[in-house]
Amino acid sequence: MAESPTPSGDGRYAVEGMDLRKTFPLRRSILGRVTERAVAVDGVSVRVEPGKTLGIVGESASGKSTVARMLAKLVPADGGTVRWGGVDVTTARTGALRPLRGSIQMIFQDPYGSLDSSYSIGYSVAEPLLVHRRATRAQAREQVAELLETVNLDPRLADRRPGELSGGQRQRVSIARALALRPTTLIADEPTSALDVSTRAEILNLLMRLQDSMGLAIVLISHDFATIRHLSHRVAVMYRGKVVEEGTADEVVDNPQDPYTRRLLDSVPVPNVEQQRARRARFREDDAAWRAGRAAGPGA
Ligand SMILES: Nc1ncnc2c1ncn2[C@@H]1O[C@H](COP(=O)(O)OP(=O)(O)OP(=O)(O)O)[C@@H](O)[C@H]1O
Ligand SMILES: [Mg+2]
């Protein structure tokens with residue numbers, strides 16, 4: 001396999017994609033045969049350790065979401081290998097995957113899309129537990145309350161519908177749902193770009209807190225270099241279906257080697273380290289204040 005990282009059957013990485021490839025049909029003949037394919041992902045290798053965040057940054061259509069979907073096995077890769085906790089799941093059949101089911105979860109940009117508007121919040125969060133037979137209805141109800149508390153939501157919101165919640169609350173619900181099956185890894189694809197600025201901070205802060213308390217690996221996809229730098233341990237920069245640069249967040253931001261990364265950085269002002277620290281501290285304060293205020297009633 002080309003440029004595969006060190007063998008990792010030992011499960012050192014929570015999730016790992018090696019030499020991933022994906023093309024999509026671009027043109028078809030009048031008989032429906034595909035005559036031209038667009039290369040969306042062209043030999044991408046990424047991996048993330050438990051408890052760490054890999055940021056993936058890059059312009060629109062560079063292949064970020066396609067990589068994420070292949071890592072989560074929401075779309076099959078045309079080539080390459082996907083490993084979850086060291087286990088090759090690339091071609092695993094459903095039955096063989098069962099014990100690992102739920103270990104990689106995705107959170108999307110638009111919480112409207114990931115929550116069924118006709119379900120109650122409680123059912124949305126419980127659904128994975130019930131579908132995968134991990135809990136009885138009574139157990140699921142208890143776990144829903146716990147999960148909602150984990151994401152700083154009042155358990156009484158369980159009876160509401162998604163339409164009655166704010167965008168930030170909805171994104172918290174989709175995180176609670178993603179946590180239901182106790183994943184090792186969250187893949188967050190632009191999780192905050194549909195939210196207003198203050199809600200963004202809350203959600204990013206929540207993800208950091210969950211990472212600290214649960215040892216979650218996180219793959220965070222964003223257009224925004226400032227967000228990526230602030231939250232990621234390592235960063236991969238994608239350009240036209242390839243990773244053009246990969247390194248620690250500081251390496252990539254302070255000493256970018258690739259001209260594309262430099263251009264990307266020039267177009268996004270990155271606050272200095274002091275500002276970053278201050279911001280992180282502010283996030284923590286906001287979160288503490290928010291949690292303190294939660295006793296006041298549902299929502300916030
Ligand atoms: N289901 C699909 N069918 C056809 N083409 C697709 C499909 N999904 C993605 N593509 C194409 O693959 C390329 C990569 O898309 P992808 O969504 O992975 O980019 P992205 O980096 O996530 O972009 P954005 O930042 O806009 O979300 C694009 O050219 C896109 O048009
Ligand atoms: Mg995308």
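Modeller: Let's start with a term: a polar contact is a pair of N or O atoms within 3.5 Å. Keep in mind that we are looking at a predicted model.

Colleague: Thanks! Which residue's side chain does a polar contact of 2.9 Å join to that of T184?

Modeller: The limit for such a pair is 3.5 Å. At 2.9 Å, the side-chain pair here qualifies, and the partner of T184 is T185.

Colleague: Is T184 buried, partly exposed or exposed?

Modeller: T184 sits in the loop between α6 and β7. Buried means under 20% relative accessible area and exposed means over 50%. The value for T184 is 37%, so this residue is partly exposed.

Colleague: What distance separates the C-alpha atoms of T184 and L216?

Modeller: Along the chain, these two residues are 32 residues apart. The C-alpha separation of T184 and L216 is 5.3 Å.

Colleague: Now the helices: are α6 and α7 roughly parallel or roughly antiparallel?

Modeller: Helix α6 covers residues 167–179 and helix α7 residues 197–214, and their axes come within 10 Å. The axes cross at roughly 20°, and angles under 35 degrees count as roughly parallel. The pair is therefore roughly parallel.

Colleague: How many nonpolar residues are in the contact of α6 with α7?

Modeller: This crossing is right-handed. Residues making the contact include I175 and L179 of α6, along with L206 and L210 of α7. Three polar and two charged residues take part too, and the nonpolar count is seven.

Note on methods:
Residues numbered from 1 in each chain as written. Chains lettered and ligands numbered in written order. Predicted model: local features only at pLDDT ≥ 70, side-chain atom pairs only at ≥ 80, totals over all residues. Heavy atoms only, no water. Axes fitted to C-alpha atoms, helices over the stretch in contact; angles between N-to-C directions. Helix = DSSP H or I, 4+ residues; strand = E, 2+ residues; numbered from the N terminus. Parallel < 35°, antiparallel > 145°, perpendicular 65-115°, else oblique. Left-handed = near helix turned anticlockwise from the far one by under 90°. Contact = heavy atoms within 4.5 Å. Nonpolar A, V, L, I, M, F, W, Y, C, P; charged D, E, K, R; others polar. Buried < 20%, exposed > 50% of the residue type's maximum accessible area, 1.4 Å probe, protein only. Polar contact = N/O pair within 3.5 Å; in protein donor to acceptor, adjacent residues only side chain to side chain.
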